[in-house]
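Please look over the sequence and the fold below. A short walk through them follows.

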Amino acid sequence: AIGSLGPQARGIMHPNLKTVLGYDALRAFNAIQFDFDAGIIRMVSTGTFIPNQKWLIAKSPIVEKEGVGLTVEGAVFGKSTPIVLDLAGGFHLTLPNSNAPYTRQLSIDNLVFRKVPTSSINGLPRVGYKLLDGLVVTICPKEGFVYFEKPQ
């Protein structure tokens with residue numbers, strides 16, 4: 001695809017993005033793992049991902065939302081809502097029509113964040129990579145789950 005990223009661009013001007021590998025392309029893999037501390041992305045096209053049970057802290061079903069990207073089940077201050085995992089987003093959390101600098105609580109399965117820095121954007125709530133610092137996030141599109149691990 002060529003052209004604007006629309007709302008996903010989030011005002012990015014520098015660096016000038018040359019290529020974006022979106023979820024439509026990533027879903028062809030069996031597993032895509034983002035290790036934020038190591039700065040590594042691993043993609044596997046065969047086999048089944050088995051999480052490290054000592055590290056596993058959450059497992060969330062993928063919610064199919066056409067044209068939105070990777071979306072999981074979650075809750076904002078106890079209210080269930082689909083949440084977009086924007087793993088290229090340099091922010092913590094965006095909420096539609098938010099005027100508060102922080103969100104008191106965000107949950108994805110057993111993964112709970114409190115006092116989350118928040119900005120406003122149209123659309124569904126979005127979690128950026130800054131919130132996931134210290135975690136290993138593994139997306140398994142064919143299995144239909146996202147795993148969140150905390151290496152110890």
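**An exposed loop residue, then the sheets**

Start with Asn 97, which counts as exposed because its relative accessibility is 68% and the cut-off for exposed is over 50%. Asn 97 lies in the loop between β6 (93–95) and β7 (102–108). Its backbone deserves a look too. Phi of Asn 97 is near 55°, a positive value in a residue other than glycine. Most residues other than glycine have a negative phi.

Now move to Phe 77. Phi is positive here as well, near 50°, and Phe 77 is not a glycine. The residue sits in the loop between β4 and β5. Is Phe 77 exposed or partly exposed? Its relative accessibility is 49%, so Phe 77 counts as partly exposed. Exposed would require over 50%.

Strand β4 covers residues 71–76 and strand β5 covers residues 79–86. They run antiparallel, joined by six bridges.

Six strands close into it, in the order β4-β5-β9-β6-β8-β7. The pairing in this barrel is mixed. From one strand to the next, the twist averages 45°.

Next comes an open sheet. It has five strands, ordered β2-β1-β10-β11-β3, and the pairing is antiparallel. Which strands form the edges? They are β2 (40–44) and β3 (56–61), each of which pairs on one side only. The twist in this sheet averages 15° from one strand to the next.

Look inside the sheet at β10 and β11. Strand β10 spans residues 136–140, and strand β11 spans residues 145–149. Five bridges link the two in the antiparallel sense. Cys 140 stands opposite Phe 145 in β11.

Finally, turn to the interior. In soluble globular proteins, nonpolar side chains tend to be buried together. The largest nonpolar core in this predicted model has 27 residues. Those with the most contacts inside this core are Leu 85, Leu 106, Ile 139, Val 146 and Phe 148. Strand β8 (residues 111–120) supplies the largest share of the core, three residues.

Key:
Residues are numbered from 1 along each chain as its sequence is written. This is a predicted model: local features need pLDDT of at least 70, side-chain atom pairs count only at pLDDT 80 or more; totals for chains, interfaces and linings use all residues. Side-chain values use heavy atoms; hydrogens and water are left out. Two strands pair if DSSP finds at least two bridges between them. Helices (H or I, at least four residues) and strands (E, at least two) are DSSP runs, numbered from the N terminus. Axes are lines fitted to C-alpha atoms, for helices over the stretch in contact, and angles run from 0 to 180 degrees between N-to-C directions. A nonpolar core is a set of buried Ala, Val, Leu, Ile, Met, Phe, Trp, Tyr and Cys residues joined through side-chain atoms within 4.5 Å. Buried means under 20% relative accessible area, exposed over 50%, partly exposed in between (1.4 Å probe, protein chains only).
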